[in-house]
Amino acid sequence: MKTILEEQLKKGRESVMTSAEKNLVKTNLVNFMSANPLPISLNKTSFERSIPSPFINSFSLLPLFRISASALGVVLILGGSLTYASGTALPGNILYPVKVHVREPVARTLAVKPEAKIAFDKERVKTRISELKTLQTKEDADTVSIKEAEDAFSTSLDSFEKSLDEGENSGRVALVEEAQKDILEKLQTETIETTPVLMKASSMMAIPSQETTTKESGAETTKKNPRIEKLLKRAHENVSKRAFLKERARILEATPQPKESDTLSPTPTDTNEVSVTTPKAETLKVPELPTRLSDSKEKEAVLTNHQGE
Amino acid sequence: MNKGNVTTQEMYLESYEKYNDAIFRYCLFETSNREVAIDITQDTFVKVWEYVVAGNTIENMRAFLYRVAGNLVIDYRRKKKSVSLDTMLDDGFDVGHHELPKTIDQIDGEGVRKIVNAIPEKYRDVIIMRFIEDMSVKEIATITGESENNISVRIHRGLEKIKGIYEEKSQKISSI
């Protein structure tokens, strides 16, 4: 009887929903699903059980990942501290290369616009000048320190000149002129304050080759640092030359074109003597390219007089 | 909706097509009310969808559906106490001699439902799953969370209960 009962119980499977009832429930479910959609982040079906990769055991990589993360953290902290500490390093200091080759180039990459580049490079050149000043006053400055300062100064000056070129090409003439003026003033100030002999030599366009006299607290000390003087001279010459060429181009542009009957002698291509024809057919001689700050002042005076005429 | 969501929806609707009859039967046997059984069946699939949307994973869809449906049936019973056939008979309800067949060979689907509904709840579930839904003892144990031995014992006792109830009712009908 038990087997018969079991067989008869299977007749209970006849109890099912009608097609209409099934469709009604299904419609209600579809509407509910539309009103409650799956989150976008649930890309994978939730019915499937995720299968771990047989090739990579994530647990075995965990310790390695932890070590790598720790090492990276230590490197970042140490690197950041060193870079920060290198901000006031001077030539000869162990952190000076970090400052010149890491800190400043990274900061330079953040300057995207031409005005930002000019401003950054201007300050960097000023810093280099100050470093040279400090190095110049140090009696124990060795050759290595001077070489470091020399390289850093050359790099900074080249970058500054490139920024000025870029600024001029993008029409930021006023900004370029202001930057040049600032550097010249810095050169003048630092030189006057620290090396009167150098300033005197610079004004005379005859830099002493072997000796520079420094006056500190009324006492005169003699030091041999011709390389530093040469660097300062180069900076002065480069910036002054650039300012002069710009000023000369402006004069030529503002002057009316000469008539064919007018005589030009000598030709304007002569860099030492440029003759332009004024409406009164008078010839103006633009002074020689200045390489000294005093010369640039003389040039400005001449140009002022010329414009007045 | 991206491809992953579509796949999940398709699998969900596929599960509905596959298991809606079984869940409905289970609910019908447990509640003895067709409309209530349809409502609970629908609520069961709604709960499953909400579970999926919450980001949960379902490993055994069939077992999960039975568990959800079982909980909803319990909730329904709490709201409305079920009335057993014995209680109905004690209250004067006459099933009539035509409602149960004279022999067990004449039993039909409706008769099976009435007989199963007459046995205690703890035997009813396993009888439905074992003989109507044709589940293995292992599957029933997984769904109910009981041991396989317990399930086997309940199946045996459930059958004895059905046999006893049928024999008792048959004697009543014969005596009328």
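In chain B, ring pairs join B:Tyr12, B:Tyr16, B:Phe45 and B:Trp49 into a cluster. Rings of Phe, Tyr and Trp (its six-membered ring) pair if their centres lie within 6.5 Å; planes under 30 degrees apart count as stacked, over 60 as edge-to-face and the rest as tilted. The structure is a predicted model, in which local features need pLDDT of at least 70 and side-chain atom pairs count only at pLDDT 80 or more, while totals for chains, interfaces and linings use all residues. Residues are numbered from 1 along each chain as its sequence is written, chains are lettered from A and ligands numbered from 1 in the order in which they are written, and side-chain values use heavy atoms, with hydrogens and water left out.

Over all chains, the structure holds 5 aromatic pairs. The rings of B:Tyr12 and B:Trp49 have centres 4.9 Å apart and planes at 55°, so this pair is tilted. The pair links distant parts of the chain, with B:Tyr12 in helix H1 (residues 3-31) of chain B and B:Trp49 in helix H2 (residues 34-53) of chain B, 37 residues apart. Helices (H or I, at least four residues) and strands (E, at least two) are DSSP runs, numbered from the N terminus. B:Tyr12 is buried at 0% relative accessibility, and B:Trp49 is buried at 0%. Here, buried means under 20% relative accessible area, exposed over 50%, and partly exposed in between (1.4 Å probe, protein chains only).

The rings of B:Tyr51 and B:Phe64 have centres 4.7 Å apart and planes at 40°, so this pair is tilted. B:Tyr51 lies in helix H2 of chain B and B:Phe64 in helix H3 (residues 61-79) of chain B, so the pair ties together parts that are 13 residues apart in sequence. B:Tyr51 is partly exposed, with a relative accessible area of 30%.

Chain B contains 8 helices and 0 strands. Of its 176 residues, 46% count as buried. Among contacts (heavy atoms within 4.5 Å) in chain B with a separation of 6 or more, 65% come from residues 24 or more positions apart. B:Ile115 is found in helix H5 (residues 109-118) of chain B and is buried, with a relative accessible area of 4%. The C-alpha atoms of B:Ile115 and B:Tyr166 are separated by 7.3 Å, although the two residues are 51 residues apart along the chain.

In chain A, A:Ser156 lies in helix H6 (residues 143-169) of chain A and is buried, with a relative accessible area of 2%. The side chain of A:Ser156 reaches the backbone oxygen of A:Ala152 at 2.8 Å. Leaving aside neighbours within four places in sequence, A:Ser156 is in contact with A:Arg124, A:Val125 and A:Arg128.

Confidence is given by pLDDT, the predictor's confidence in each residue, from 0 to 100. Chain A has a mean pLDDT of 68, and 59% of its residues reach 70 or more. Within chain A, confidence is highest in helix H2 (residues 19-35) of chain A, at a mean of 89, and lowest in strand E1 (residues 212-216) of chain A, at 40. Over residues 48-54 of chain A, pLDDT stays under 50, and the model has 3 contacts beyond four places in sequence for them. Where pLDDT is low, the predicted coordinates should not be read in detail.

Notes:
Polar contact = N/O pair within 3.5 Å; in protein donor to acceptor, adjacent residues only side chain to side chain.
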